[in-house]
Amino acid sequence: MLIKGDKLSQTGKCMRNETAGRLGRFVETAVGGERVKAFVPPPLPPNPPLEITGLLTRLSAAERALGRLDGVSILLPNKELFLYMYVRKEAVLSSQIEGTQSTLSDLLRFETEAISGEPVDDIREVSNYVDAMMFGLERMRQLPLSLRLIREMHQRLLDSGRGGRRSPGEFRTSQNWIGGTRPGNAMFVPPPANEVMTCLGDWERFIHEETPSIPPLIKAGLIHVQFETIHPFLDGNGRLGRLLITLFLCATGVLQQPLLYLSLYFKSRRPDYYRLLQEVREYGTWEAWLEFFLDGVAETADQAFETANRIARLFHDDRERIVRESERTGSVLQIHEIMRTSPYLTAASAAKRSGLTVPTVNAALDQLQRLGVVEEATGRRRGRVFVYRAYMDILSDGAGTNATRS
């Protein structure tokens, strides 16, 4: 049930009066021997309509920042590379919000099979997120953003690990709740199971409705909150709900490349994020949420643009240093190229990917280490793992940097 004090403040009463048409309804339901009031949101768009005028300055700033980010391919010799790494950073951040302890270093070392002994469930969850994200982006070439698509993505998201028993790919048929140790002390109880498909049907219709008075960025913010409020799966709602923002912006053409991910913004402002979601449900204050959301889009897009700049400068400077100072320029450049997509690398995997002999690869890695481009991460003589440290420092900003785990 929704959290309320003994008495609503005068401000709260005013907010309710002004937005009464936007409020949902409560349905009493039995969960685990308790009777609780589950919340059923009204269909979108909000009624009374949004006051867009007060959002225009923020909307303009967010659109400008997205425009710069979408042109990031001009800066990078390989925009697919930036996407490859940025998707993985988002997967780590989104999973950290849900409580996993894995870092970007953990994921990348797991993917290149550089080390063993990681906490398997944590890293598998993050790896599943990468898989679900890339699947969804590819699947949208044949299928619109729809209930079918999100079910297919959810199947991949919970394919194995701790979520494997939480009905992957299936909308829930039982009651769930958010926060608290049981439904009776929960922060929020989403719609009962028999209301879920009706809510989702309304949600899907809104996605595909022509809404000329609602700009796509604002519509993305509405869609995200409604999905989180419906909470249609037993697990994975938060991760999928955050991913839907980017999928919708790609589907509507606002983004040409899926480079906007808001998990770091939400993670760093978690109390505000949850408070604003709750106030939408409790008071119908969509505009306050949208101010927060648009600020996040602008800030995140600017950060991603700066990250792309830093990566481009790093690659250029290191390549120049290799050409200028290396004794084995051809093979060293080849290994440097591989480390752009595999910042953690062993000689065996580098030899397999490059076609060079292991002795040649080892010599190239030693050259890169001497030039200060890479570091050896294990301290061992055999099975050495090399890390492109400066690159990892840029990528890991805000996503955790632990290089090893016991």
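Student: How many cavities of 30 Å³ or more does the count give?

Tutor: The model is a predicted one. Counted by the rule that a 1.4 Å probe fits but cannot get out, the number of cavities of 30 Å³ or more comes to one.

Student: Which element gives the largest share of the lining of the largest cavity?

Tutor: This cavity has a volume of about 30 Å³, and its lining consists of Ile 97, Arg 242, Phe 266, Lys 267, Arg 270, Tyr 273 and Tyr 274. Two elements give two or more residues to that lining, helix H10 (263-268) and helix H11 (270-283). The largest share, three residues, comes from H11.

Student: How many nonpolar, polar and charged residues does the lining of the largest cavity have?

Tutor: Tyr counts as nonpolar here, while Lys and Arg count as charged. By class, the lining therefore has four nonpolar, no polar and three charged residues.

Student: Is Leu 240 buried or exposed?

Tutor: Leu 240 has its place in helix H9 (residues 237-251). Leaving aside residues up to four places away in sequence, Leu 240 touches Ile 150, Met 153, His 154, Phe 227 and Phe 233. The cut-off for burial is under 20% relative accessible area. At 1% relative accessibility, Leu 240 therefore counts as buried.

Student: Why is one side of E3 and of E4 left without a neighbour in the sheet?

Tutor: Three strands form an open, antiparallel sheet in the order E3-E5-E4. E3 and strand E4 (375-376) stand at the edges, so one side of each lacks a neighbour because each has a single partner strand.

Student: Which residue in E5 stands opposite Tyr 344?

Tutor: E3 and E5 pair in the antiparallel sense over two bridges. Opposite Tyr 344 stands Val 387.

Student: Which elements are included in what covers the buried residues of H13?

Tutor: In helix H13 (residues 329-339), the buried residues are Ser 331, Val 332, Leu 333, Ile 335, His 336, Ile 338 and Met 339. Their cover includes helix H12 (286-325), strand E3 (344-345), helix H14 (347-354), helix H15 (358-370), strand E5 (386-387) and helix H16 (389-395).

Notes:
Residues numbered from 1 in each chain as written. Predicted model: local features only at pLDDT ≥ 70, side-chain atom pairs only at ≥ 80, totals over all residues. Heavy atoms only, no water. 1 Å grid on protein atoms, 1.4 Å probe; cavity = no way out; pocket = protein on both sides within 12 Å on 5 of 7 lines; lining within 4 Å. Points joined across faces, edges and corners; volume = space filled by probe spheres on them. Helix = DSSP H or I, 4+ residues; strand = E, 2+ residues; numbered from the N terminus. Buried < 20%, exposed > 50% of the residue type's maximum accessible area, 1.4 Å probe, protein only. Contact = heavy atoms within 4.5 Å. Pairing = 2+ DSSP bridges.
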